[in-house]
Amino acid sequence: MAAVICRKMPRRILNRRAYSKSTGPTEARKPERKEEAANNHPGERFGRTFLCLPGEASALVDYKIYSKPAAYSSTKNRAQPSVPSETDDYADAFSLLLENVPSSLGIQQVRSTYTVTCSRRLSSVRNTLLDLVYSRPIEEPRSAAQWPVDPKQRPEMDDVEVYDTKEDPRGFQKLGGAYRALCFCGSEQREPLPMEEGQKILRDVSFLRSCLSPESTADYFWRLSWLPAEQHAAVRADSRFAMLCRCSVDLRGAFALPQLLRLLEAAVRLRVSSSPLLLKALETELCRRAWDMDFDQLLLVADLWRSLGRGVPQYMEIVLSYVGLRWKELTLPRLVQLLYVIGESRQAPGELMQKLETLLSAHLDRMDMEEVGAACLGFFKSKNGLSEPLMKRIGNKVAARMEDISNYSLVNVMKMFRYTHVDHLPFLKRLGKVAPDRIPTIGTQGAMHIVLACASLRYRDERLLGAVAAKVPPNVQYCRSKDVAKYLWSFSVLNYGPENGEEFFSSLTQQLHRKMHEFRRFPEHLLTALLALAFMGRFPHDLIDVALSPRFVTLATERSPFELKKDLFTLDGAVAIECPDYGGHRLPSQLRQEVTQMLWNFARQDICAKPEMVEAAILLQVMLGGPRFVKNHLVLPHTRSADLEVHFDPVGNPLPFSVEASSEGTQKLEFKMSGVPVTDQLISQLAKRRTGGLILKSEPDSWAGREGAVKNMAKTEAAVKDRGRTGLNLKVFRNGVPLTDSLLSSLTNSKIPAQKTAVQPTSPSEVRKLAIQVSNRNHYCYSSRILLGLHSMKRRQLVQAGYVVVELPYWEWFPLLKRTRSEKLSYLHQKLYSALD
């Protein structure tokens with residue numbers, strides 16, 4: 001490697017003729033040092049060359065440059081032995097930069113000639129290379145065949161599956177001229193600029209780079225943006241266009257506002273997303289001038305940034321502040337366009353969205369279907385819901401004209417219904433009639449959102465689900481991991497097995513195998529899919545083994561933004577019960593205990609404290625003999641819901657088993673052996689005293705063997721008062737209730753019959769365990785008595801675990817909560833003992 005020392009010389013001396021052979025600079029070569037040669041590879045010579053004018057051979061250390069002649073060679077593949085030195089990194093970096101310079105510059109290696117110039121006017125290597133590029137001869141305009149072509153490469157897809165995230169949401173902008181000033185129109189028709197004119201502009205830029213005005217710069221950008229689309233890539237790659245971008249950055253403060261807007265629109269047409277310096281400068285300047293714009297200009301700029309695919313949170317924050325002060329000036333087109341850009345930026349303060357909801361409610365009757373869809377999408381993406389009355393109005397409007405709404409807008413409305421959980425039955429019924437015929441024209445992602453919204457609303461329409469199930473298997477290759485998971489979840493939550501169920505579930509399971517690489521980034525999708533399959537009794541062991549492996553568990557619990565421990569626990573518990581032959585990974589016991597405690601803490605404060613559950617637990621304790629006979633807990637913790645558990649011996653007598661019943665605060669329902677004898681006359685007198693002469697209906701056989709009437713009525717009344725303090729309230733049975741031995745035992749506070757007839761089981765298998773479920777509407781599909789997938793799986797697993805499932809359905813139990821205690825006791829007695837029989 002040669003060391004070159006250069007000295008800054010006057011401009012006139014830099015003429016190439018000064019370095020001809022006749023007047024070339026002298027070379028002073030120092031002898032090589034022996035110790036340096038010994039450290040180098042044999043056969044190589046290293047020296048230092050000092051370049052200076054004749055008579056000025058002094059070494060100028062301030063201008064020392066290390067140069068490697070081989071770096072200038074046009075033959076890049078020539079093998080050269082390398083020797084590590086302190087200058088290698090610099091030389092390699094410099095040679096890499098020079099390799100990027102076009103070969104037309106004529107940089108060649110000349111034997112024994114070192115012509116290097118330096119100038120303090122150039123502050124960086126980048127500027128040096130730019131000057132080298134700009135100094136090359138002006139090229140003649142290329143022919144059309146010579147210009148590189150950049151066609152859009154899109155895999156062959158069904159037209160239904162083609163989805164453009166930047167164009168499809170903008171259908172409302174094509175409704176009329178009201179949106180022309182508010183948004184960027186990429187399909188605007190105009191005569192394209194000839195390629196020769198584009199080359200002329202670039203030549204002018206190279207000549208006038210030091211004296212470009214703001215007007216000419218903006219004009220050049222605008223005109224270049226109207227070149228044919230296939231030439232845009234060549235323009236962006238041209239170094240003269242890079243210089244035009246640099247000039248625009250330097251002149252950003254001198255542009256008038258209309259020129260700045262035209263410059264940004266031209267950047268959108270040319271797709272200059274690879275010029276971050278220019279885009280950052282434009283963003284900064286537009287933020288500075290935002291308060292000088294009107295509504296139309298603010299919304300246009302926001303739309304241009306969206307079309308360019310660049311997030312501008314600072315600019316959007318300024319826009320939303322501006323809107324918050326002047327929101328009453330928004331017209332309908334401005335409101336819809338604003339909601340669109342808010343949704344695409346995914347940010348908006350809740351206070352502002354409430355004001356915009358007021359405007360939306362005022363304009364709703366005049367809105368087109370596409371505008372309604374755009375408004376729903378804006379609120380959905382910004383995670384702001386709409387009030388139930390407004391959603392009802394939207395449902396009415398769309399249901400009346402569902403044939404006129406586009407598929408994309410219909411999907412947006414469904415997203416909003418899913419987010420707000422508003423059940424609008426007329427809208428859903430209309431959807432069930434119209435949507436099945438449109439499913440073949442909706443993409444797989446759109447169809448997924450429709451069935452997902454139905455699943456969230458618990459609305460099961462078999463015709464709609466059947467149409468989607470028929471569409472999915474032939475188009476499963478278009479499903480992302482998210483789509484697969486949501487499809488499986490929707491069908492399984494609604495507990496619906498389509499006619500082509502085997503093909504449907506098998507195709508989606510195979511797609512899970514193909515998308516395994518996506519689950520490293522989205523582990524929640526794999527767990528969602530496997531839980532959905534578990535609801536339907538399907539357990540792919542290989543996928544479950546991956547999901548429960550230590551590596552995936554760590555990924556799901558530590559690196560995912562979602563809480564996935566409960567999903568892992570539910571999957572593990574389902575596998576433990578339903579897959580006895582499974583031999584793969586399982587969750588560690590510590591994690592199972594942690595999640596069990598987490599679920600129990602929630603259930604104790606929420607599920608177990610619900611009035612219908614508390615009332616059932618108290619009455620069962622009264623009927624069976626005390627708290628030790630009833631346990632309110634998570635029978636199957638992985639199912640995430642609590643049940644009431646009771647045990648019976650082989651002959652049908654209750655068995656005490658609840659250890660927690662002895663804790664403090666539990667009301668004791670045990671009494672002394674001396675109870676008051678109950679006779680027909682006593683019951684008659686009590687009924688007359690409390691109901692004014694209404695006689696309780698009872699079974700005649702139930703009073704056989706009872707003693708005569710009590711001798712002391714005062715003693716009876718005292719006993720009745722004592723029973724009232726224990727919570728036993730004797731009221732009238734409106735329709736008549738059979739008084740059985742168990743009920744009489746409760747009424748008399750006597751446990752003698754239970755103690756006499758109880759038979760202790762000889763083995764645990766003889767214990768008859770009952771799981772009493774207090775259901776509610778959320779356990780069933782909407783307006784039906786079909787259990788949802790999770791609760792169907794729970795009952796299936798309770799039976800496999802050895803329990804007899806007894807349900808107190810909400811349509812029976814909830815009305816009884818307003819009736820007398822005697823009626824409720826009779827109902828519970830009938831439910832339990834009929835299940836035992």
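**Chatting through a predicted model**

Q: What is the mean pLDDT of the protein chain?
A: This is a predicted model, and the mean pLDDT of the protein chain is 75, with 67% of the residues at 70 or more.

Q: OK, overall picture. How many helices and strands are there in the protein chain?
A: The protein chain has 34 helices and nine strands. It runs to 837 residues, of which 46% count as buried.

Q: And what about the accessible surface of the chain?
A: That comes to about 44000 Å², and carbon and sulfur atoms account for 50% of it.

Q: Going back to contacts, how many join residues at least 24 apart?
A: If you take the contacts between residues at least 6 apart in sequence, 78% of them join residues at least 24 apart.

Q: Let's do strands. Is E6 mostly covered or uncovered?
A: Mostly covered: E6 spans residues 643-648, and six of its six residues are buried.

Q: Which of them point which way?
A: Asp 643, Glu 645 and His 647 point one way, while Leu 644, Val 646 and Phe 648 point the other way. In a regular strand, side chains alternate between the two faces of the sheet. In E6 the residues pointing either way are all buried.

Q: What does E6 pair with, and does E8 run parallel or antiparallel to it?
A: E8, residues 768-774, runs antiparallel to E6, and five bridges join the two. E5, residues 631-633, is also antiparallel to E6, with three bridges. Then there's E7, residues 654-655, which pairs with E6 in the antiparallel sense over two bridges.

Q: Which residues stand opposite His 647?
A: In E8 that's Lys 769, and in E7 it's Leu 655.

Q: How many residues sit between the strands in the hairpin of E6 and E7?
A: Five, and Gly 652 in that hairpin takes a positive phi near 100°.

Q: New topic: helix H26. How many residues does it have, and what does it reach end to end?
A: H26 covers residues 589-605, so to speak a 17-residue helix, and it reaches 25 Å from its first C-alpha to its last, close to the 24 Å expected at 1.5 Å a residue.

Q: Which of its residues are buried?
A: Leu 591, Val 595, Leu 599 and Ala 603. They cover an arc of only 100° around the axis, which puts them on the same side of H26.

Q: Why would residues spaced like that point the same way?
A: An α-helix has 3.6 residues a turn, so residues three or four places apart point the same way.

Q: What do the buried ones pack against?
A: Two helices, H24 (550-559) and H25 (565-578).

Q: And the face turned away from the buried side?
A: That face carries the exposed residues Gln 590, Gln 593 and Gln 605.

Q: Last one: Val 434. Where is it, and why does it count as buried?
A: Val 434 is in helix H17, residues 425-438. It counts as buried because its relative accessibility is 11%, and the cut-off is under 20%.

Q: What does Val 434 touch?
A: Leaving out residues up to four places away in sequence, Val 434 touches Met 402 and Glu 403. As for Leu 464, 30 residues apart from Val 434 along the chain, the two C-alpha atoms are separated by 9.0 Å.

Definitions and conventions: Residues are numbered from 1 along each chain as its sequence is written. This is a predicted model: local features need pLDDT of at least 70, side-chain atom pairs count only at pLDDT 80 or more; totals for chains, interfaces and linings use all residues. Side-chain values use heavy atoms; hydrogens and water are left out. Buried means under 20% relative accessible area, exposed over 50%, partly exposed in between (1.4 Å probe, protein chains only). Helices (H or I, at least four residues) and strands (E, at least two) are DSSP runs, numbered from the N terminus. Two strands pair if DSSP finds at least two bridges between them. Contact means heavy atoms within 4.5 Å. The expected span of a helix is 1.5 Å times one less than its number of residues. The arc is that of the directions from the helix axis to the C-beta atoms. Accessible areas come from the Shrake-Rupley method with a 1.4 Å probe; for residues, only the protein chains shown count as cover. pLDDT is the predictor's confidence in each residue, from 0 to 100.
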